[in-house]
Amino acid sequence: MGWLHDIERRLENVVNGVFARAFRSEVEPIEIATRLSKELDSQAKLLNRDKKLVPNNFTVFLSQHDYDELAPMARAINDDIVPEMRRHAGERKYVFNGPIRIDYACDETLTVGRFRVESEAVATVAETGGAASTTAIKRAPLVLEVNGVRHPLLPPGFTIGRGSEADLRINDPGISRKHAHIIVKQDATGDVVVSIEDLGSTNGVIVNGQRVTNVPLTDGSRIEIGSTRMLVHSPVGS
């Protein structure tokens, strides 16, 4: 892992520079860099014969002491770690869903010098025409929540995919360019009926743990497309 020698030299410059006198953490930045590279390797999931999907969001949990010492340096440390993670990923043909994000948090159960890492693959999501207004979300009987962003389920619905022609674009390599269609209609009584249709995608659509081609959606329906998870729920109280 020759890349670690290069990053170690750069991180030593950070630690020995403007932060030197204040740096008293028992956790060295190079330890974090090494752990994050191992996290990529351990969490890599096969996409196809040539590529593997890896996490792009990371949280490093530190003891209170180490968090207090490292948190002020987080941006400088990450500025060196992130490019090396991208290089490491490129050498191993790993694919990120979106930008790499590294956050630091305190875990009071950890002792000084110990830390742990949690990670997930989070796709960037863009809606044609921009994000929905709060009013549109509130008047919708149901919303589709994707990575913390709610999208109102209003007639006639929208398409989901990775390509520019999709109404809801998700930068997930496991999603086809035009993957699924969310269909929203009103029945004879005026109630809104929602369903999802697979548009011939490569990896399919999973609803509540079952692969489907066309199935109704209700409050609480859980959808998996590629590595992205979505939830249908009422916007009331949210």
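Two residues are taken to be in contact when heavy atoms of theirs lie within 4.5 Å. On this basis, in the predicted model described here, residues 24 or more positions apart account for 59% of the contacts in the protein with a separation of 6 or more. The protein has 238 residues, of which 42% count as buried, and its secondary structure comprises five helices and 18 strands. The accessible surface comes to about 12800 Å², and carbon and sulfur atoms contribute 46% of that area.

Two packed helices are described by the angle between their axes and the distance between the axes. In the present model, helix α2, formed by residues 29-43, packs with helix α4, formed by residues 74-91, at an angle of about 30 degrees, and the two axes are 10 Å apart. Because angles under 35 degrees count as roughly parallel, α2 is described as roughly parallel to α4. The crossing in which α2 passes α4 is right-handed. On the side of α2, the contact is made by Pro 29, Ile 32, Ala 33, Leu 36, Ser 37, Leu 40 and Asp 41, which meet Ile 77, Ile 81, Met 85 and His 88 of α4. Of the residues in this contact between α2 and α4, eight are nonpolar, two are polar and one is charged.

Ala 33, which is found in helix α2, is one of the residues of α2 that meet α4. With a relative accessibility of 0%, Ala 33 counts as buried, because the term applies to residues under 20%. Ala 33 and Asn 78 are separated by 45 residues in sequence, while their C-alpha atoms are 9.0 Å apart in space.

Several features of the backbone were also examined. Most residues other than glycine have a negative phi, and most peptide bonds are trans. A cis peptide bond, with omega of about 5 degrees, joins Pro 155 and Pro 156; the latter residue, Pro 156, lies in the loop between β9 (149-152) and β10 (157-161). Asn 147, although not a glycine, has a positive phi of about 50 degrees, and this residue is found in the loop between β8 (143-146) and β9. The relative accessible area of Asn 147 is 35%, so Asn 147 is partly exposed. A positive phi, near 50 degrees, is likewise found for Asn 208, a residue other than glycine, in the loop between β14 (205-207) and β15 (210-212). Asn 208 has a relative accessible area of 48% and is therefore partly exposed, given that exposed residues are those over 50%.

Technical notes
Residues are numbered from 1 along each chain as its sequence is written. This is a predicted model: local features need pLDDT of at least 70, side-chain atom pairs count only at pLDDT 80 or more; totals for chains, interfaces and linings use all residues. Side-chain values use heavy atoms; hydrogens and water are left out. Axes are lines fitted to C-alpha atoms, for helices over the stretch in contact, and angles run from 0 to 180 degrees between N-to-C directions. Helices (H or I, at least four residues) and strands (E, at least two) are DSSP runs, numbered from the N terminus. Angles under 35 degrees count as roughly parallel, over 145 as roughly antiparallel, 65 to 115 as roughly perpendicular and the rest as oblique. A crossing is left-handed if the near helix is turned anticlockwise from the far one by less than a right angle, and right-handed if clockwise. Ala, Val, Leu, Ile, Met, Phe, Trp, Tyr, Cys and Pro count as nonpolar, Asp, Glu, Lys and Arg as charged, and the others, Gly among them, as polar. Buried means under 20% relative accessible area, exposed over 50%, partly exposed in between (1.4 Å probe, protein chains only). Accessible areas come from the Shrake-Rupley method with a 1.4 Å probe; for residues, only the protein chains shown count as cover.
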